[in-house]
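Me: Could you take me through the sheet of this structure and its metal site, reasoning each point through before you name the result?

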Amino acid sequence: MSSPTRLILDTDPGADDALAILLMLASPEIQLEAVTAVHGNVGIEKTTRNALAILEFLNADIPVARGCSRPLIKSPHNWGESVHGASGLGQAKLPEPKTEPVGLHAVDYLIQRFLAEPKELTLFAVGPLTNIALAIRKEPKFAEAVKELVVMGGAIRSGGNVTPLAEFNIHEDPHAAHIVFNSGIPITLIPLDATYKCLLAPADVERLLKTGSPVAHFVRDVMADYMAFYSKYEGFAGCALHDPLTVAAIIAPELLHLEEHYVDVDVSGGVSTGKTYADFMKVSKKPANMKVALDVKGREFVELFLERIMSFIHAQGGG
Ligand code: BDR
Ligand code: CA
């Protein structure tokens with residue numbers, strides 16, 4: 001196998017964020033080197049604490065940097081707590097982390113890491129894009145130092161999940177998304193169009209629970225509130241694996257239907273604020289700025305996700 005993709009994850013854990021971290025640690029194609037926390041599903045105190053606690057629980061000695069506590073311009077919302085539980089981690093009760101975040105703010109940490117090794121590190125973003133937009137604005141060489149950026153966010157042909165039009169991560173900081181999308185960084189976008197096809201069902205969680213492993217119990221507990229939300233508001237038992245699907249861009253790109261388009265976000269402040277749109281007909285004459293996943297072999301991805309978590313559990317001596 002070729003050498004693993006060296007990766008830094010910007011995240012707002014977050015139930016499905018936790019599963020994205022787990023999937024990364026369970027995937028030999030990826031070397032997760034650092035985590036930067038951002039506001040989003042819950043406040044920055046909790047997302048930072050959750051990132052540290054998840055990594056400790058999974059025995060991963062990886063630095064965490066605390067990032068921005070609010071969007072660039074708009075007021076933050078607290079939609080996330082009703083979806084991810086008050087702590088951000090559903091019903092999971094992880095011990096208080098023993099480790100502390102690194103001494104640098106996440107924006108400075110990102111700048112330092114990417115400028116130290118230009119074009120060597122891949123960046124994943126599965127929360128609002130505030131930290132990354134600020135890194136771009138603060139350090140003009142940041143954008144060109146990023147090898148690739150994979151973003152969970154947006155709803156292109158799909159409807160939104162926080163407004164009829166907009167997806168949470170982009171809606172939470174649309175101005176940051178606009179900066180990132182127009183930065184010149186090579187981007188792969190994983191929007192709701194694809195993630196809503198990757199549904200983790202209660203029967204899938206039962207399969208993991210047969211191992212009796214604490215990791216399987218964590219998956220059940222962290223997703224409990226998320227699944228209850230989906231059942232109540234979206235009408236199906238189970239939940240979408242939004243953030244974990246980003247990992248497919250590295251471990252199973254053949255499952256994604258990717259198209260190159262110019263994509264931007266509405267920052268006008270009206271009813272469609274935070275809506276991501278693709279210039280399918282090329283009317284703007286702007287060159288494509290990203291690859292966007294408009295479809296996915298959803299069940300195949302969920303099976304791959306389960307396989308990887310099972311292997312992780314076995315490698316840890318469980319099941
Ligand atoms: C995104 O919003 C968050 O609630 C999830 O963690 C995911 O990153 C899905 O819209
Ligand atoms: Ca997230």
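Reply: What follows concerns a predicted model, taken up question by question.

Me: Which strands are the edge strands of the open sheet?

Reply: The sheet is built from eight strands with mixed pairing, in the order E3-E2-E1-E4-E5-E6-E12-E9. An edge strand pairs on one side only, and this holds for the strands at residues 64–66 and 256–261. The edge strands are therefore, on the criterion that two strands pair if at least two bridges join them, the ones named E3 and E9.

Me: In which sense do strand E4 and strand E5 pair, parallel or antiparallel?

Reply: Strand E4 covers residues 122–125 and strand E5 covers residues 148–152, with four bridges between them. Within this pair, Ala125 stands opposite Val151 of E5. The sense of the pairing is parallel.

Me: How many residues apart in sequence are the parts that Asp12 and Val126 tie together?

Reply: The calcium ion (ligand 2) is coordinated by Asp12 (OD) and Val126 (O), among other donors, at 2.3 to 2.6 Å. Asp12 lies in the loop between E1 and helix H1, whereas Val126 lies in the loop between E4 and helix H5, so the pair ties together parts whose separation in sequence is 114 residues.

Notes
Residues are numbered from 1 along each chain as its sequence is written. Chains are lettered from A and ligands numbered from 1 in the order in which they are written. This is a predicted model: local features need pLDDT of at least 70, side-chain atom pairs count only at pLDDT 80 or more; totals for chains, interfaces and linings use all residues. Side-chain values use heavy atoms; hydrogens and water are left out. Donors are N, O and S atoms within 2.8 Å of the metal (3.2 Å for Na, K and Ca); water is not among the atoms, so sites may look incomplete.
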